[in-house]
Amino acid sequence: MSAPDVVVVGGGVIGLATAWQAAKRGLSAAVVDAAHPGKASWAAAGMLAPVTEVHYGEEPLLALNLESSRIYPEFVRELQDAAGMDVGYRACGTVLVARDADDNAAFAHLYSFQSQLGLAVKRLRAADCRAIEPALAPGVRGGILVEGDHQIDNRALSAALEHACKSEGVDLLTGKVTTLLSGPSGRAGGIVTGDGHQTCGAVVLAGGCWSGLIEGVAPEVASAVRPVKGQLVVLRGSGSQPLIEHNIRGLDAYMVMRSDGRLIVGATVEEMGFDTRVTAGAVYELLRAAYELVPGVSELELVEATSGLRPGSPDNAPLIGQTSMEGLVVATGHFRNGILLVPVTAYAVADLLATGRAPEKTESFSPLRFATEVVA
Ligand SMILES: Cc1cc2nc3c(=O)[nH]c(=O)nc-3n(C[C@H](O)[C@H](O)[C@H](O)COP(=O)(O)OP(=O)(O)OC[C@H]3O[C@@H](n4cnc5c(N)ncnc54)[C@H](O)[C@@H]3O)c2cc1C
């Protein structure tokens, strides 16, 4: 293969979407993927949830999440046209549900925080919750309706991105990148895999939680990204009626109903390094928490229990943009919101590659915020 303009390391949703958008801007691109077990894009639940995911102190991330949520419908139209397939985007809304008085008190605080931020939320009494979701347990105490938090089928999204990449002439290669090649000036100019090496104009590092393991990678990336394990369970109903309409979230579990009858129940958040084992305890806790909110889950078939590794970062926000190494751009560290952040990340990185300038909206997520000064 002649040297492409861009080699993207990592074929999760972030790497594929970035390569597709770079190719749409006229750049030649290849994606190299190692097929590591625990790929987050496969394991995820696919919630597009800027408002329900809001956390104290993460207001800049909220702005990025809201922006990605705003442009998602247009991105989905563009992708479905390119790939010729549906990606299961559902504008279903989300209901946060309190099992008991303690949960309800926690949601009262969350509601007040969300309201102060001007987010579109509505406080619900117990009867309101049951009116909009009749399958909820009779004892639920109240909740919050978030009409703008939706879902996508992340596995269909991954498949569609692969099709879209191929239709734009992106090479999709299998292999583990071990080393970044750099020239005498220190500029990144290619990659080394088990099969040999490939030179290119620029490298985009989108290797999820494994991004820091490649030899020669810029230090601010190597030290910043870590795996955060998540386990989830997939159930399936036999009837034609979905058990729930909205995404349902409690404090200990959430449920996401796909239009094909699958119900995703997630997810644990565990600091376990690169461990991807599915444990009996996690499956038990997830099902118990789901059952307490929606007792009907006990009638569903258990079809899958899986785990994935989120790419975590020290401030829970992604690393998007130029690194301290010329020629090396990074798009990783998307942690809990990597499915949501696909459109905004892909457009920003593709613009940076094509024009040399990153858009303003991703400026605060530069990887350089993790660069430490070397004192002589
Ligand atoms: C249980 C769970 C639930 C989640 N739920 C949601 C949700 O509801 N909503 C949401 O927005 N986000 C969710 N997330 C987070 C989201 O899945 C991730 O943030 C996102 O998928 C990260 O995508 P990625 O492409 O960066 O990484 P990944 O999908 O992990 O892909 C990285 C790829 O890089 C490859 N790679 C790594 N190193 C190399 C190398 N050296 N050479 C070649 N290839 C390499 C790997 O093989 C892998 O295929 C969830 C995650 C988990 C685990």
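Modeller: Helix α4 is followed by Gly 118, which has a positive phi, near 75°. The model is a predicted one, in which local features need pLDDT of at least 70 and side-chain atom pairs count only at pLDDT 80 or more, while totals for chains, interfaces and linings use all residues. Residues are numbered from 1 along each chain as its sequence is written. Helices (H or I, at least four residues) and strands (E, at least two) are DSSP runs, numbered from the N terminus.

Helix α4 takes in residues 101-116, 16 residues. From its first C-alpha to its last it reaches 23 Å, close to the 22 Å expected at 1.5 Å a residue; the expected span is 1.5 Å times one less than the number of residues. Asp 103, Phe 107 and Gln 114 of α4 are buried. They lie on the same side of α4, because they cover an arc of only 30° around the axis, the arc being that of the directions from the helix axis to the C-beta atoms. A residue is buried if 20 or more other C-beta atoms lie within 10 Å of its own, exposed if 12 or fewer, and partly exposed in between, with C-beta atoms placed from the backbone. On the other side of α4, the exposed residues are Ala 101, Asp 102, His 109, Ser 112 and Gln 116. The cover over the buried residues of α4 includes β4 (94-98) and β6 (142-146).

Eleven of the twelve residues of α1 are buried, so α1 is largely enclosed by the rest of the structure. Among the buried ones are Ile 14, Leu 16 and Trp 20. Gly 26, with a positive phi near 95°, follows α1.

Next comes the sheet. Six strands form an open sheet with mixed pairing, in the order β8-β2-β1-β12-β19-β18; two strands pair if DSSP finds at least two bridges between them. β8 (171-174) and β18 (319-322) are at the edges with a single partner strand each, so one side of each has no neighbour in the sheet. β18 is joined to β19 (residues 328-332) by four bridges, and the two run antiparallel. Ile 320 has Ala 331 in β19 as its bridge partner. Helix α1 (residues 13-24) packs on this sheet and touches β1 (6-9), β2 (29-33), β12 (202-205) and β19; contact here means C-beta atoms, placed from the backbone, within 7 Å. The direction of α1 makes about 170° with that of β2, where axes are lines fitted to C-alpha atoms, for helices over the stretch in contact, and angles run from 0 to 180 degrees between N-to-C directions.

Key
Contact = placed C-beta atoms within 7 Å.
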